[in-house]
Amino acid sequence: MSDPETGRPIVAELGRPETAEETWARKDTARRARREHQTAFNLVLALIASLGIVLFLVAVVVRPDQAVDRSVDYRQVAQQADVSGAELLVPDLPSSYTSNNAEYQSGSARGVAVWTIGLLTPDKQYIGMHQGIDANDTWVADQLDQKQATGSRSIAGTKWTVYDRRDEGKGAGNNLYALVTTSGKDTVVLAGTADQKSFTTVATAVGEELDR
């Protein structure tokens, strides 16, 4: 229905035509409502996109408790290392033992040349072999978190000093159990989380290398 005098439509709620100010206010309120709705819609889209990114990262990023499948040929690394006046130990281990790290450093923080092999046992436990060339007591203590020896044992004719920290649990990190021996200018530290059987296997292989 229109107002006969102005020809403008009559607003039912008002019983008369809108004034110019009322028309402007109504349209402005409608514009604000559309903007607020669009803002809320955009916020929902942004949240959905962020959640998608998080789910993607969770799916593809390796979790800390997952083992990284990275195999390293420590024999080849030893052959290619630039070593002077020393022979790097290359223990002959069963094929069920793999390596995830092999590195030769000509000088550590203590001035000791170090050959390191990271070994994974058949049950996916870790043993690190550290060969210190012309090593000193300070270097050995650094490898073992300054802990005291807990005993000694002989493995295939080689005498090893034992550092057993299994009672400390996770507090010992990768040094739950360690064996140390010295032959000539070579000091070898075996340290890791593996069981006695695996340590015996690695220690036997290392001892054979030291006897050559």
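This is a predicted model: local features need pLDDT of at least 70, side-chain atom pairs count only at pLDDT 80 or more; totals for chains, interfaces and linings use all residues.
Serine 99 itself lies in strand β3, and it counts as buried because its relative accessibility is 3%, where the cut-off for buried is under 20%. When neighbours within four places in sequence are left aside, serine 99 is in contact with Arg70, Ser71, Val72 and Tyr74, and also with Ile117, Gly118 and Leu119.

## The chain as a whole

The chain holds four helices and nine strands, and, read along the sequence, these elements follow the pattern β-β-α-α-β-β-β-α-β-β-β-β-α. Of the 212 residues in the chain, 32% are buried. Among contacts with a separation of 6 or more, 43% are between residues 24 or more positions apart.

The accessible surface of the chain comes to about 13500 Å², and carbon and sulfur atoms account for 52% of that area.

## Nonpolar cores

The largest nonpolar core has 29 residues, and those with the most contacts inside it are Trp115, Leu179, Leu190 and Val206. Two or more residues of this core come from each of the helices α2 (74–80) and α4 (196–210), and likewise from each of the strands β3 (98–105), β4 (113–120), β5 (126–133), β7 (158–164), β8 (177–183) and β9 (186–192). The element that gives the most to this core is α4, with six residues. Apart from this core lies another, of ten residues, which includes Val114, Val140, Leu144 and Ala178.

## The loop between β4 and β5

Glutamine 125 lies in the loop between β4 and β5, and at 29% relative accessibility it counts as partly exposed. Not counting residues up to four places away in sequence, glutamine 125 touches Leu119, Leu120, Thr193 and Ala194.

Although glutamine 125 and alanine 194 are 69 residues apart along the chain, their C-alpha atoms are separated by 5.0 Å.

## Salt bridges

The count of salt bridges comes to three. One of them joins lysine 185 to aspartate 134, with the closest N and O atoms 4.0 Å apart. Because lysine 185 lies in the loop between β8 and β9 and aspartate 134 in the loop between β5 and α3 (137–143), the pair ties together parts that are 51 residues apart in sequence. Lysine 185 counts as partly exposed, at 36% relative accessibility, whereas aspartate 134 is exposed, with a relative accessible area of 53%.

Another salt bridge forms where the side chains of aspartate 145 and arginine 165 meet, at 2.9 Å from N to O. This pair links distant parts of the chain, with aspartate 145 in the loop between α3 and β6 (151–155) and arginine 165 in the loop between β7 and β8, 20 residues apart. Arginine 165 is buried, with a relative accessible area of 7%, while aspartate 145 counts as partly exposed at 36%. The side chain of arginine 165 also meets that of glutamate 168 in a salt bridge of 3.1 Å, N to O, and glutamate 168 is partly exposed, with a relative accessible area of 37%. Through these shared partners, Asp145, Arg165 and Glu168 are joined into one network.

## A nonpolar patch on the surface

Phe41, Val44, Leu45 and Ile48 form a nonpolar patch on the surface, and together they have about 380 Å² of accessible area. Valine 44, one of these residues, has its place in helix α1 (residues 20–60), and it is partly exposed because its relative accessible area is 46%, which falls between the cut-offs of 20% for buried and 50% for exposed.

Notes. Residues are numbered from 1 along each chain as its sequence is written. Side-chain values use heavy atoms; hydrogens and water are left out. A nonpolar core is a set of buried Ala, Val, Leu, Ile, Met, Phe, Trp, Tyr and Cys residues joined through side-chain atoms within 4.5 Å. Buried means under 20% relative accessible area, exposed over 50%, partly exposed in between (1.4 Å probe, protein chains only). Contact means heavy atoms within 4.5 Å. Patches are made of residues with over 30% relative accessible area and no salt bridge: like charges are joined within 9 Å, nonpolar side chains (Val, Leu, Ile, Met, Phe, Trp, Tyr) within 5 Å. Accessible areas come from the Shrake-Rupley method with a 1.4 Å probe; for residues, only the protein chains shown count as cover.
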